[in-house]
Amino acid sequence: MEIIYRQGVWMAEALQQRTRSYEDFWLVTSHMGDPKAAVLLVFPLAFYVHRRTGIAVLWVAALSEWLNLVLKWILFGERPYWWIRESGLFSDNLPKVHQFQSTCETGPGSPSGHAMVTSAVWWVIISSLASFFYTRTGSKTLAAVPYLFYVVLLGCVGLSRIFILAHFPHQVIAGLLTGTMLGVCLNRSVPEGRPLLFFLRYSMMLLFGALLMHTALQRTGIDLSWSISLAKRWCSHPEWVRMDTAPFSSLTRDAGVLLGLGLAQFWKPGGWPLPWVPRTLCLALSSMALHYISSFQLPTVSPLLFYSLFFLKYTIVPQVVMVFIPGFVHLLTAKPKRD
């Protein structure tokens, strides 16, 4: 692995030096590939365009990120920003690379979560879009355009993760391949219209299943906090190490999202049949609401309190998008019944 890691570092150095003028582009692309962006940005947009696709996005995002967490606990995997110094191989010739605010994630590196979740989630959207184009036009060429966009998107997200020193190339490739396969499989069975108990069961299975696995691995002598220690030691700015990038943040987000998805369909099965203009208003209002929810700072003094509130925070998200905002817009735009 040392050879693979070393080659990955040189690739990251070459990428930073040759594309330094595109730094903002890489940072924005990395942010768009964040699993959090799938929930807060991609899900509302997809949902207001096509309800089933939106539900599929949330379903696939939660399950793919959870599986990514499990794989990271099993496969471990270094991250470039700490391995460069931790390995001791570059003491005489340090690579000319820089860290960024989004570099210092605290979980293990393999496979890339950004690559895995992005490829899974966007497969749902791209395949739906391609099917729509082919059904309407009968043109295979036009139907292939979304897949071309898919390849370019995944390439950009993958390179952005290498650029900011968050992952080695082989971790990105592993994430992309695994995520695409997950997207294909999970998109076949979307839980639209399922009862609340179904989502409660899945939410608790993800939460307690991961906790049991974590406990079992700890009892066998495996220190699963090893990556957090390295992140704190080698991140160039201590304030860049945040609890919301920790593995348990991913776990509580996924469990919360699934429970919220179940509650949203329980409160209002089928939703409201809104025309396109009210849907656009819903998207604008939801984006504003989710921005404030995302930017709300949680107390980090107690990890248990933080993760509990983080769970509740993401339980609210599907209900805002699927129930609260559409219900409010429906009240504003519904025509009064005439006697």
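Arginine 233 is partly exposed, because its relative accessibility is 49% (buried means under 20% relative accessible area, exposed over 50%, partly exposed in between; 1.4 Å probe, protein chains only). The model is predicted: local features need pLDDT of at least 70, side-chain atom pairs count only at pLDDT 80 or more, and totals for chains, interfaces and linings use all residues. Residues are numbered from 1 along each chain as its sequence is written, and side-chain values use heavy atoms, with hydrogens and water left out.

The structure holds eight salt bridges (a side-chain nitrogen of Lys or Arg within 4 Å of a carboxyl oxygen of Asp or Glu). In one of them, arginine 233 meets glutamate 86, with N to O at 3.0 Å. This pair links distant parts of the chain: glutamate 86 lies in helix H5 and arginine 233 in helix H10, 147 residues apart. Helices are DSSP runs (H or I, at least four residues), numbered from the N terminus. Glutamate 86 is partly exposed at 36% relative accessibility.

A second salt bridge joins glutamate 105 and arginine 161 (2.9 Å, N to O). Glutamate 105 sits in the loop between H5 and H6, arginine 161 in helix H7 (residues 140-163), 56 residues apart. Both residues are buried. Arg79, Glu105 and Arg161 are linked in a network of salt bridges. Arginine 242 pairs with aspartate 244, the closest N and O atoms being 3.1 Å apart. Arginine 242 is partly exposed at 34% relative accessibility. Aspartate 244 is also partly exposed, with a relative accessible area of 27%.

One disulfide is counted (a pair of cysteine sulfur atoms within 2.5 Å). Cysteine 104 is joined to cysteine 235, S to S 2.0 Å. The torsion about the S-S bond is about 85°, so the disulfide is right-handed. Cysteine 104 is in the loop between helix H5 (80-86) and helix H6 (113-137), whereas cysteine 235 is in the loop between helix H10 (226-234) and helix H11 (247-267). The two are 131 residues apart. Cysteine 104 is buried at 2% relative accessibility, and cysteine 235 at 8%.

The largest nonpolar core has 84 residues (buried Ala, Val, Leu, Ile, Met, Phe, Trp, Tyr and Cys residues joined through side-chain atoms within 4.5 Å). Val57, Val121, Trp122 and Met322 touch the most other members. Helix H13 (residues 303-333) gives the largest share, 11 residues. A second, separate core of 11 residues includes Trp73, Leu251, Leu263 and Phe311.
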